[in-house]
Amino acid sequence: MQKENSSNLLIRNISELWTPEGLKAMAGPSMAQVRKIRDACIYIDKGHISWVGKESDLTASDSPLAQQALEGPTYDAQGRCCVPGFVDSHTHFVFAGWREDEFYQRAKGTAYMEIHKHGGGIQKSVNATREASLEELIHIGEGRLDTMLSLGITTVEGKSGYGLDIETEIRQLLAMRALSERREGPEIVPTFLGAHSIPPEFKGRPREFLAFLVEKALPRIKKDNLAHFVDIFCEEGVFGIEDSRWYLEKARAAGFALKVHADEVAPIGGTALAAELHATSADHLLKASDADISALAGSGTVACLLPLTAFNLQEPCANGRRFIDAGCAVALASDLNPGSCYSQSIPLIFALAVLNMGMTIEEALTALTLNGAAALDLSSHTGSLEPGKNADILLLNAPSPSHLAYHVGMNLVDTVFKRGTLVWPRSR
Ligand code: NIG
Ligand code: FE
């Protein structure tokens, strides 16, 4: 019998299950320590994983849990392999409008920051998002969440940052809240990225703009619990190190956890700043130095690498191997956004990680699951297949998860369970 939405469910007949293990980010060599079980099954009880192991061990057991599991509803994986749901820990998925014209300019050699300087780039998406109603943003977000499910993303971070005014920033966060409440889909972790760019109203006055956000936005967002994280685009020509430190300290004092867009274009020290402030994650890191990387390793800040953006910007990807060998916990994420990366291809992230970033398939899996969850302060709840964790589970159309990078750029996801409920494909 196949059944979904039941409070308990036994997923049987799994060819091979791979999962990192633990309640925290895995750093350095432990990223490769993935548990592998052949002929596995998973027992789910009330949305949580209750048992994971060899199916023959469960059928041989006479424990009350085994009896309950074997007598209840089952789902036949039909020999598919299984991994935890993917966690995309860095996206800007709630935005209106397009920037395909800039993509073509960049493809011909114009630099991303050159477009930004001349009033295009982020500001173009700000103009379109300021025009969009809450209902429009929800509708746009809904479509993108469906795509995420089809790719096996069960948890996603979403940043504001296309308003740069109080009203639109809050509207983006409210759209994420509505999307979380409205439908079965990926769990959404909202981040306030009001400090994404300097709006025309504050041209040439970054500190005044940040002070405005501290005074007018942070208290309101905290009061209504609209964001868990505060993030900043710490970059040459946007927010420098001193402004970023000032702002992030204020955000931390207001009760927010921190993220930093760091050393993406120019090496100005955002990575070291994130480590100094014990931010939850430092993201991009394309220009981070060896000293920055050792500072990150010592701080416990997750290094969130975004290879699709590097690929889009025609820059070399961050060298994941260098980060792991230095003892960092590496997460991989998409950075889905309208400018530097209109892609959320998890399959391409796997391929780039293994072919261009020096990572093993096991490390890439840890980076997209447990370490992604840690980059969202969620690793005690999701990111691995272990008793007590949310039943966020993928079945893949392949005999082993080792196929994840090998099928370069191809989506292998067959079935997605979110907290024990079959959420993709919707028709099943
Ligand atoms: O992470 N660089 C800053 N933010 C985004 C790009 C946003 C945009 O271009 O719209 C990023 O790359
Ligand atoms: Fe980003």
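Colleague: What makes β2 and β3 paired strands?

Modeller: A strand here is a DSSP run of E with at least two residues, numbered from the N terminus, and two strands pair if DSSP finds at least two bridges between them. Strand β2 and strand β3 (residues 48-54) have 6 bridges, in the antiparallel sense, so they meet the rule of at least two. One place to look is D45, which stands opposite H48 in β3. The hairpin of β2 and β3 has 2 residues between the strands, and K46 takes a positive phi near 50 degrees there.

Colleague: What should I know about the model itself?

Modeller: This is a predicted model, in which local features need pLDDT of at least 70 and side-chain atom pairs count only at pLDDT 80 or more, while totals for chains, interfaces and linings use all residues. Residues are numbered from 1 along each chain as its sequence is written, chains are lettered from A and ligands numbered from 1 in the order in which they are written, and side-chain values use heavy atoms, with hydrogens and water left out.

Colleague: In which sense do β7 and β8 pair, and over how many bridges?

Modeller: Strand β7 (residues 153-159) and strand β8 (residues 187-195) pair in the parallel sense over 5 bridges. You can find V156 with its bridge partner I188 in β8. Both strands belong to an open sheet of 8 strands with parallel pairing, in the order β6-β7-β8-β9-β10-β11-β12-β13.

Colleague: Why is one side of β6 and of β13 left without a neighbour in that sheet?

Modeller: β6 (86-88) and β13 (330-332) stand at the edges and have a single partner strand each, so one side of each has no neighbour in the sheet.

Colleague: Why is N8 called buried?

Modeller: Buried means under 20% relative accessible area, exposed over 50%, and partly exposed in between (1.4 Å probe, protein chains only). N8, in strand β1 (residues 8-19), has 16%, so it falls under the 20% limit. The side chain of N8 also makes a polar contact with the side chain of Y43, at 3.0 Å. A polar contact is a pair of N or O atoms within 3.5 Å; within protein, one must be able to donate a hydrogen and the other to accept it, and residues adjacent in sequence count only if both atoms are side-chain atoms.

Colleague: How do you know whether S281 and L23 are buried or exposed?

Modeller: S281, in strand β11 (residues 281-284), has a relative accessible area of 0%, so it is buried. The side chains of S281 and K259 are joined by a polar contact of 2.9 Å. L23, in the loop between β1 and β2 (35-45), has 54%, so it is exposed. Leaving aside neighbours within four places in sequence, L23 is still in contact (heavy atoms within 4.5 Å) with S379, S380 and K389.

Colleague: Which residues are closest to ligand 1?

Modeller: Among the 16 residues that surround ligand 1, the closest are R99, Y112, Y162, H196 and S340; a residue counts as near if one of its heavy atoms lies within 4 Å. Oxygen atoms of ligand 1 lie 2.8 Å from a polar side-chain atom of R99, 2.9 Å from one of H261 and 2.7 Å from an N or O atom in the side chain of S340. The protein covers 100% of the 320 Å² of accessible area that ligand 1 has on its own, by the Shrake-Rupley method with a 1.4 Å probe.

Definitions and conventions
Helix = DSSP H or I, 4+ residues; strand = E, 2+ residues; numbered from the N terminus.
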